[in-house]
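Please read them beside the sequence and the coordinates.

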Amino acid sequence: MSGFGSRPVREERVSLATGPILPDASPPAVLTPEDEDAAWRAIDELTDPRFQVYTRAAARLIEFGESALPYLVAAGRTQRIDFGVPSSATSPVIHRILEQVASQRLVAYLRSPYEDLRNSAVRHLGERKEVGAVPHILAALPDADPSLRSKFFAALQAITAIPEVRPESLDEALPALIDRWREWWETRQPGTGPVEATAAGTSF
């Protein structure tokens with residue numbers, strides 16, 4: 001059990017999707033003015049050096065779910081100090097919120113303008129081994145920041161088992177790997193259309 005409360009139980013599985021996951025890019029529920037104030041207070045408390053205060057604030061934001069995401073990304077890369085080491089105050093909370101989100105939502109977050117959302121979304125899709133996410137990950141990969149390409153690679157490798165070993169130079173190997181991942185998808189999902197066909201992402 002973590003300091004944020006108990007994690008949802010997820011069975012290790014391989015998705016048996018018969019086509020691309022259909023993205024759900026609908027906006028999350030809007031917080032009430034009272035809850036909005038509570039969200040901002042909790043975000044301020046994420047930088048508190050007292051671990052108990054931090055975990056209480058993180059748990060409150062996780063309770064708000066996706067409705068808290070616009071406030072967390074607006075707060076930017078707020079930092080806290082853990083045992084003398086600077087770390088992001090908001091990224092772990094965003095990651096825990098997206099852990100509870102359906103895969104249809106996660107594939108939409110791959111197109112978010114915010115790096116933390118893209119990072120967590122692709123990591124969760126890889127951990128879930130979501131076969132139906134492959135075309136969405138491939139479509140978003142060319143636009144991914146260099147800092148995120150390794151996360152996209154790790155997700156595709158987890159889902160497809162390609163390649164067996166990580167290449168020494170990912171940038172050099174990536175064009176050939178993309179071709180292999182496309183072939184993997186198209187041979188397993190006949191008649192589902194080209195890999196590039198994906199929907200728009202979220203607005204935040």
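**Notes on the predicted model**

1. The chain has an accessible surface of about 10,600 Å², of which 53% belongs to carbon and sulfur atoms; such areas come from the Shrake-Rupley method with a 1.4 Å probe, and for residues only the protein chains shown count as cover. This is a predicted model, in which local features need pLDDT of at least 70 and side-chain atom pairs count only at pLDDT 80 or more, whereas totals for chains, interfaces and linings use all residues. Residues are numbered from 1 along each chain as its sequence is written, and side-chain values use heavy atoms, with hydrogens and water left out.

2. The chain holds 9 helices and 2 strands, which follow one another from the N terminus as α-α-α-β-β-α-α-α-α-α-α; helices (H or I, at least four residues) and strands (E, at least two) are DSSP runs, numbered from the N terminus. Of the 204 residues, 46% count as buried, a term that means under 20% relative accessible area, with exposed being over 50% and partly exposed in between (1.4 Å probe, protein chains only). Among contacts (heavy atoms within 4.5 Å) between residues at least 6 apart in sequence, 68% join residues at least 24 apart.

3. Helix H4, residues 91–99, is mostly covered, with 8 of its 9 residues buried; among them are Val 93, Arg 96 and Ile 97, and these three also take part in the contact with H2. The axes of H2 and H4 lie 9 Å apart at an angle of about 40°, where axes are lines fitted to C-alpha atoms, for helices over the stretch in contact, and angles run from 0 to 180 degrees between N-to-C directions.

4. Glu 66 sits in the loop between helix H2 (51–64) and helix H3 (69–74), and counts as buried because its relative accessibility is 18%. Its side chain joins that of Arg 105 in a polar contact of 2.9 Å (a pair of N or O atoms within 3.5 Å; within protein, one must be able to donate a hydrogen and the other to accept it, and residues adjacent in sequence count only if both atoms are side-chain atoms). Leaving aside neighbours within four places in sequence, Glu 66 is in contact with Pro 28, Ile 97, Val 101, Arg 105 and Tyr 109.

5. Ser 103 lies in helix H5, residues 103–109, and counts as buried because its relative accessibility is 7%. Beyond its neighbours within four places in sequence, Ser 103 is in contact with Ile 21, Leu 125, Arg 128 and Glu 130.
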